[in-house]
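Let's take a walk through this protein model together. Have the sequence and the 3D view open as you read, and find each part as we come to it.

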Amino acid sequence: MSFISRRLASTSTFTMKPTPSKAHHHTPLPSSSFPTGFVLGGIHAGVKKKAGVPDLAVILSTSEKPTSAAACFTRNAFKAAPVLVSNQIIAKNGGYARAVVVNSGCANAVTGKQGMDDAWAMVKATDALLPSKSKKFDNETLVMSTGVIGQNLPISKIITGIESQALEKKDTSVLGSDFKAWESAAKAFMTTDTFPKLRSRTFTIGDQEYRMAGMDKGAGMIHPDMGPASTSFSSAPKQLHATLLGCIMTDAAVSPRSLQSALTYAVDRSFNSISVDGDMSTNDSIYVLANGAASKDGLVIDEESNKDAYEVFKKELTDFAADLAKLVVRDGEGATKFVTVTVKNAPSYKDAHSIASRISTSALVKTALYGEDANWGRILAATGSVPLLPSAATGVAPVIDPAKVNVTFVPSDGTSPLPVLVHGEPEKVDEVRAKEILQLEDFEVLVDMGMEGEGEAQYWTCDFSYEYVSINGDYRS
């Protein structure tokens, strides 16, 4: 019996709810839905102790057209070696890269010079897999690592694994382009994840059909805050924004500056809008590769020369990124609830986003959600603790008026919502009805600020359970 179980048995009559299975979130996808011009796969290289468990993924663009690359990286001060190396490559190449290599089981974070050397070794070994005839840059591989912080990689095993994936090595390479290949790569991303997070879609711009697919991983140490790579066309500050990793591939042709612009917008409304436990990782990274394999007539999507096409692509990327980000929350360590926190009628999007973030990271809110307790006072306490941004017109920060705030629990099953606070006045809560809503796996917490402004934002979060503590209490050992 675990410490938590013994403690509960001796001090409480509270019933521990079993964590629901999440396997149904992963199902086969048609191979025709994956973008053309990519080969990829996942193998066991020996980073993880258990034999046969995938821990190394390789993704290659085989398109003869240039492959644009964009990235958003963690803002954590202790940026892992893969983050630093990948940022250097994207910046030096001006937003181009043709491959990604990923290992799980070891984050290669806070590992000093050896960690940097190991990350570069992974880059160079994967570069060697790319067709040399289309080589344009010294290094064309981005690298990702996830797992335990502060430990060195078993780099010789990883390099051997990468080299075994040479396309001409039919006896050892697992690289392919069908669902099985994409699935094996997604499995190699996993640490405490309970299912591989893989999605694909087709979309149309004008009369041209494109495909987009991607994978991510994450279940704990999830509260990303990522910013764009340090390319010369990044409009955001150059400061970079061991756990959330994501890679998205598309066969559309997108200019590097527009791919970065679209990804920065999308990440703010997807991966930067999720929280499992409020802890930012040293390794958070999201990459997008656009290889142009499906592009006809030389069409390149660009926000200045082809704005309409760019806006369609940006929306598709944002929606797709949100789908992937939600899978991370659904697989939150020990999570039993998937909760959408919506804040509307705030002075600005940033204000709404900050309030939604604060609610989503409140340990008191999250434990109440696990206990299925409609303790809306905790939601208000979190809301009121957020300092609002000064107005651009007056330089003065607006003030929340409690008499205008509304809080509502919204069920996902289509039944009636339950208001618990209306214009600052508490409703007489039907506790039975509240329990019915909070027992659902999915529901929404809606906070209407009632302020002047159209600021609206969403965050996706989960509850805090006893299992979360159990998982993380001995994660390293």
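Start at the place where two domains meet: across the interface of domain 1 and domain 2, the rule finds nine residue pairs in polar contact, both residues at pLDDT 80 or more. A polar contact here is a pair of N or O atoms within 3.5 Å; within protein, one must be able to donate a hydrogen and the other to accept it, and residues adjacent in sequence count only if both atoms are side-chain atoms. Two elements give two or more residues to the side of domain 1 that touches domain 2, namely strand S10 (274-275) and helix H7 (307-330). The largest share of that side, four residues, comes from H7. These labels come from DSSP runs, numbered from the N terminus: helices are H or I with at least four residues, and strands are E with at least two.

Before going on, a word about what you're looking at: this is a predicted model, where local features need pLDDT of at least 70 and side-chain atom pairs count only at pLDDT 80 or more, while totals for chains, interfaces and linings use all residues. Residues are numbered from 1 along each chain as its sequence is written, and side-chain values use heavy atoms, with hydrogens and water left out.

Now zoom out. Domain 1 covers 23-330 and domain 2 covers 338-473, with bounds that come from an automatic or database domain assignment. Their C-alpha centres lie 32 Å apart. Where they meet, 16 residues of domain 1 are in contact (heavy atoms within 4.5 Å) with 16 residues of domain 2. Together the two domains bury about 1,400 Å², 57% of it on carbon and sulfur atoms. Buried area is the accessible area (1.4 Å probe) that two parts lose on being put together, summed over both. On the domain 1 side, Ser-273, Val-329 and Arg-330 lose the most area to domain 2, together 32% of what that side buries.

How many salt bridges does the rule find across this interface? It finds one, where a salt bridge is a side-chain nitrogen of Lys or Arg within 4 Å of a carboxyl oxygen of Asp or Glu. The side chains of Asp-442 and Arg-330 meet in a salt bridge, at 2.6 Å from N to O.

Next, look at two asparagines. Asn-283 sits in the loop between S10 and strand S11 (285-290). Is Asn-283 buried or exposed? It counts as buried because its relative accessibility is 2%; buried means under 20% relative accessible area, exposed over 50%, and partly exposed in between (1.4 Å probe, protein chains only). Its side chain reaches the backbone oxygen of Ala-107 at 2.7 Å and the backbone oxygen of Ser-145 at 2.8 Å. Asn-291 is in the loop between S11 and H7, and it is buried too, with a relative accessible area of 0%. The side chain of Asn-291 reaches the backbone oxygen of Gly-37 at 3.0 Å.

H5 (residues 179-188) is mostly covered, with eight of its ten residues buried. Among the elements covering those buried residues are strand S1 (38-43) and strand S9 (245-250). H8 (residues 349-361) has 13 residues and reaches 18 Å from its first C-alpha to its last, close to the 18 Å expected at 1.5 Å a residue; that expected span is 1.5 Å times one less than the number of residues. Buried residues in H8 include Asp-351, His-353 and Ile-355.
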